[in-house]
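Please consult the sequence and structure shown here.

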Amino acid sequence: MLDGEKGKAVQKSMEILCALGEIYGADCLIDVSSVQIAGVSYHNLGDAGLEFLRELAEDGRTRVVATLNPAGMDLENWRQLGISEEFAAKQCEVIEAFASMGVIPSCSCTPYLAGNLPARGEHVAWSESSAVCFANSVLGARTNREGGPSALAAALTGKTPNYGMHLNEYRKAEAVVEVKACLKTNADFGALGWCVGHKLKNKIPFLTGIVRPSIDQLKSLSASIATYGGTPMFYVEGVTPEETPKPTERITVTSEDISEAFHALNDGQTDVDFVAVGCPHASIKEIRRIAELLRGKKVVAELWIATARQTKQLADQAGYSKVIQAAGGKFACDTCMAVAPLKGRFRVLASDSAKACYYGRGSNGFKTRFGSLEACVDAAVTGKWRQ
Ligand code: F3S
């Protein structure tokens, strides 16, 4: 592959993987069973990124199942979400380049909800920090936090260098976190991720005291802990399907810590003009709840529900989409509030996602309101934050 016998794209990919392997001291390359590729939005890629993809697409073809992270727009409904013609044309070129290489244009950050679901011990090469955390921590699969180019290189070769999270020694918990707070909503789990991230940075935590968390709660925790701490993995006692030696360092997270997280993510504005839920992409369960809350009502703020197109199709079949759209809510399939070009369009973002607040502030300069899904839908209907 490195000598170019399998074509230019494979050669380029192998150069990337070998360079990474040398930097991190990998002893060999290993096979991966699936890939998740981030760096899809034209907003982040720009023309240089598009050119890189075009070059690889000349003769590159995927060797394993490869799915895509969200793009900069809903690929069908972009006009309704206020995306310009020029941006849309470039974004479509990006998607075409990926698709021509055999990458599935799933455009979702929750590949595990859409069929790319590795089992315990499977080696994969995923980018997208929340999905990486979910794969390592909830599924027990093994992946480093890949960048877009290294993930694509893994897709075109079927290989990744054997280092970091592929090895037992790097998957050990480093601190026990005793959770002494009652966590109910998905937002509470986002707040927990904020607390653990701030206290432990990128150390791998072993969380105790969490009783039967749902997949949506673990999805929220994965996104938040990776955003605010940078760890590619956590353990939840009774959930993570992998053993680890118990670390000696111990910390606690109390109800006061959780309140502090809510306080830190709330800027105090009462008027809300943008409500974005589905970070990570909303599950069918979350969409069902939104439909329940919106039935017979009308939104006054812009409401986006970011989700995978596949999940939206389920919502269509179940009749949830009809209820949500009748209320004026909009689906943002294939994209999300962090990768769409939104700067200057809104002032105050309300979200049930701690990660969305981070990017809302950092990338778009929004003020943020953070709370439960119920509080967010209420904000969409009233235009006010009333928690
Ligand atoms: Fe997914 Fe976008 Fe959030 S990629 S995790 S919805 S910032």
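Helix 4 (residues 129-139) and helix 7 (residues 215-228) have axes that come within 8 Å and cross at roughly 120 degrees, and the two helices are therefore oblique to each other. The model is predicted, with local features needing pLDDT of at least 70 and side-chain atom pairs counting only at pLDDT 80 or more, while totals for chains, interfaces and linings use all residues. Residues are numbered from 1 along each chain as its sequence is written, and side-chain values use heavy atoms, without hydrogens and water.

**Helix packing**

- Helix 4 and helix 7 cross in a right-handed manner.
- The contact (heavy atoms within 4.5 Å) involves Ser129, Ser130, Cys133, Phe134 and Val138 of helix 4, together with Ile215, Leu218, Lys219, Ser222, Ala223, Ile225 and Ala226 of helix 7.
- Eight nonpolar, three polar and one charged residues make up this contact by class.

**Cavity**

- There is one cavity of 30 Å³ or more, a cavity being a set of points on a 1 Å grid where a 1.4 Å probe fits but cannot get out.
- The largest cavity holds about 70 Å³ of space.
- Its lining (residues with an atom within 4 Å of a point) consists of Asn186, Asp216, Lys219, Ser220, Gly278, Cys279, Pro280, Glu286, Asp352 and Ser353.
- At least two lining residues each come from helix 7 and strand 11 (274-282).
- By class, the lining of the largest cavity has four charged, four polar and two nonpolar residues.

Notes
Axes fitted to C-alpha atoms, helices over the stretch in contact; angles between N-to-C directions. Helix = DSSP H or I, 4+ residues; strand = E, 2+ residues; numbered from the N terminus. Parallel < 35°, antiparallel > 145°, perpendicular 65-115°, else oblique. Left-handed = near helix turned anticlockwise from the far one by under 90°. Nonpolar A, V, L, I, M, F, W, Y, C, P; charged D, E, K, R; others polar. 1 Å grid on protein atoms, 1.4 Å probe; cavity = no way out; pocket = protein on both sides within 12 Å on 5 of 7 lines; lining within 4 Å. Points joined across faces, edges and corners; volume = space filled by probe spheres on them.
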